[in-house]
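Thanks for coming, everyone. Let's take a quick look at one strand and its surroundings, then at the nonpolar cores.

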Amino acid sequence: MNGHALGVLEYDKVVAMLVARTSFGLGSEKAGRLQPTVDLQSIRKDLLRTSELRKLLDDGERLPLEGAHDVRDALARSEVEGASLSCEELADVRHTLLAVDRTGAFLRSRREILAAMWELAETLEPAANVSEAIARVVDEQSFLVRDSASRELARVRRSVEKTRSRLDEKLQSILAREISNDTIQEAAVHIRNGRYVLPVKRSSGGRFKGIVHDQSGSGATLFVEPLPTVELNNELAELRAAEKKEVERVLREVTALVGAEASSILHSLVIIGELDYYWASAVLSRDLDASAPSLNLDGRLSIRDGRHPILLETVRRGGGEVVPLNLDLGTASTTVVISGPNAGGKTVTLKTVGLLTLMAQSGLHVPAGGDTELSVFRDIYADIGDEQSIEQSLSTFSSHLRVIGEILGEARQDTLVLIDEMGAGTDPDEGASLAIAILEELTARGAPTIATTHLGSVKNHVHNTDGMENASMAFDPETLEPGFRFVAGIPGASHALSIAETLGLPDGLLRRARDLRDKDSASIDELLAALTERERRLDALVEEAERERSRAALARVECERRLEGVRDEGKKLKTQALAEARETLDRAQSLVEETVREIKAQEAARDTIKKAREKLRERRAEVERQIETEEREARPETGRPVLDFVPGMTVRVASLGREGELIDPPDGRGRVRVRVRNATVEVGRDDLFLVEHPEPEVRHRVEVTVDIEASESPVTELHLRGSTTDEVCDAIERCISRALVQGISSIRIIHGKGTGALRSETHAVLRKMPSVKSFRLGRWGEGDTGVTIVELK
């Protein structure tokens, strides 16, 4: 990728932002080497891996990379024969292997949702044998070799401790004796050159016998090894040497084990570095509120809510926000020329487009909306900023021409061209002509190009040329404040004189400048200002319409939620009512059977039978009234709306699915009070409907009366042929009730063979009747399968 473009677009600052979010040496190095690529497959894989980890991050999880160290130097030395790593280095190796193990297990358990990351990490090797060996040898609290590392080391250290204890006792004894002789400077034991010594006063005049190892800075104190402790000091020194030798042997042994697995550990270390890099990429994505763009190879750009990443991070630290960029290139036109006042955001727009493209081609999420689409370019060329070079004797204009010459030598359909301040730095007429010629050449080649200019003739040419499009940055002509919003299709005025007036230039000078202006130029600027103001007002109207649309959508959702709640409540009430009706019918049926049993037991007289019949009729009427009321209240139909509101009339409250009594006519707000059962509710007048009682439906339901007086002759046979399945239940229950009253224990039901529907319905009814003892199909001579024989209890 073109190095000059990377520099002027400040790509290195994005790389630095990524490096700052790594936590591991190899990850930092990979981030620091980041470069854009043209390999579409590689870019998409990097974007996918970042997306997977971004989702993990948003869910509150993180990769368990903690504890990993850059142990490449230690691994390299471990492969040298006879080498010995320190306890600290071995501890770092172990912590790294533990991080490898944790991370591998973490990704393995989530390999379905982190498939791209698992593809990278599935070859991680935790080298558990090495980790365990280091843990047995190295105490990670003190970074010393454990006593238990070998039997010899444990034996030597026990001997060291015993000898040191004996030496200390001897020294304490000498110290106590010599203090009384005034030869000791202080009651303390010191170590000099690895030997235990006592602080003796130089003024003691040689009364203290021993070997002098050192003296104090003033020379007043001599550090003397007493002669009685020389042998013990020698013994302790020999034991220390033996300890050191055994420690070195143990460390060489463990180091050799590390060296044997060094290549495998290094492989896992490199993968951990890759994981750290992608984790940093996900963190950067979160911090910039970025997303993965769609990619194409056609030179098309469609940026939605794009923000300059460096500017975004800087502004957010101060609590501000960046105005998002919405820009299209390569569909309607391949060349966009942006005009408008200085400091309005033209150059930032160029850099935003270039930097977002570089980030995407580096496999990074871009700070833009999820519907952003970017192209993969073979190269990006940028002429931005002051290219003056004193060393090369180049003016600003000459430097720009040199860069543009390089661009024209390479620009094609697969390159992105960004040019700032076209035609500036020279005579305006010549500069405009040169700028127009350059734009025509780039457009003819189909090279996607974004340029900025202040030159009116360039804006006019762009307006009249196919493949080119004017654009501007929003600017408030009243406050002279830039809006930093990209406006497609409309060129922008420079507002130089208005800005000069704001900055305090003399009024007379400004009047003279306005007089000297070309009238056509002034008219064009006035037209541009009017168009800009119109665009601003249209944007305000669009924003207000969008807010209204959002409010309407929220209101619709709330209404639907409430309506669904009312529907659910209605269904619940209907279900409850029907359940209560079924319970009532069950009680009625039990009452029938109980009454029949009483009649049979008492061999009732006619007046007893009449009383029973009357009792059952009353019960039936009660059941019918309850069922009718519940079904009417549960019925979802609302009927006709109430037009004449008469207090005391019965109305239906649609939102409650209940009937009630109207208390008052509607008030000024259209609200009405209704008494529903024992509560008074206030509803809108449109919520009330007339209660209409339709003609009774013909219902097939269980008959709960028994017409005993009409049953003088014994009931032993029931004919169902020609009946519908809906009539079967009622007929069978009537027949069995009469038979029970007459004391008959067996009846014959004739349903015919036919399709078998009547037979199946008959058997279904009989199975549910508690008064049926058993039933069977008829045998040969009884009617065969066209008859069912029923035994009663």
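One definition first: a residue is buried when its relative accessible area is under 20%. Keep in mind that this is a predicted model.

Now find strand β13, residues 415–419. How many of its five residues are buried? Five of the five, so β13 is largely enclosed by the rest of the structure. Look at both faces. Thr-415, Val-417 and Ile-419 point one way. Leu-416 and Leu-418 point the other way. All of them are buried.

Next, the partners. Strand β12, residues 379–383, pairs with β13 in the parallel sense, over five bridges. Here Ala-382 stands opposite Leu-418. Strand β14, residues 449–452, also runs parallel to β13, and three bridges join the two. In that pairing, Ile-419 stands opposite Ala-451.

How do we get from β13 to β14? Through helix α15, residues 428–445: together the three make a right-handed β-α-β unit.

On to the cores. In soluble globular proteins, nonpolar side chains tend to be buried together. The largest nonpolar core here has 100 residues. Leu-9, Leu-107 and Leu-275 have the most contacts inside it. Which helix gives the largest share of this core? Helix α11, residues 262–287, with 13 residues.

Last stop, Leu-107. Set aside its neighbours within four places in sequence, and Leu-107 is in contact with Leu-63, Leu-114, Met-117, Trp-118, Ala-121 and Leu-275.

Methods:
Residues are numbered from 1 along each chain as its sequence is written. This is a predicted model: local features need pLDDT of at least 70, side-chain atom pairs count only at pLDDT 80 or more; totals for chains, interfaces and linings use all residues. Side-chain values use heavy atoms; hydrogens and water are left out. Buried means under 20% relative accessible area, exposed over 50%, partly exposed in between (1.4 Å probe, protein chains only). Helices (H or I, at least four residues) and strands (E, at least two) are DSSP runs, numbered from the N terminus. Two strands pair if DSSP finds at least two bridges between them. A crossover is right-handed if, with the strands pointing away from the viewer, the path from the first strand over the helix to the second runs clockwise. A nonpolar core is a set of buried Ala, Val, Leu, Ile, Met, Phe, Trp, Tyr and Cys residues joined through side-chain atoms within 4.5 Å. Contact means heavy atoms within 4.5 Å.
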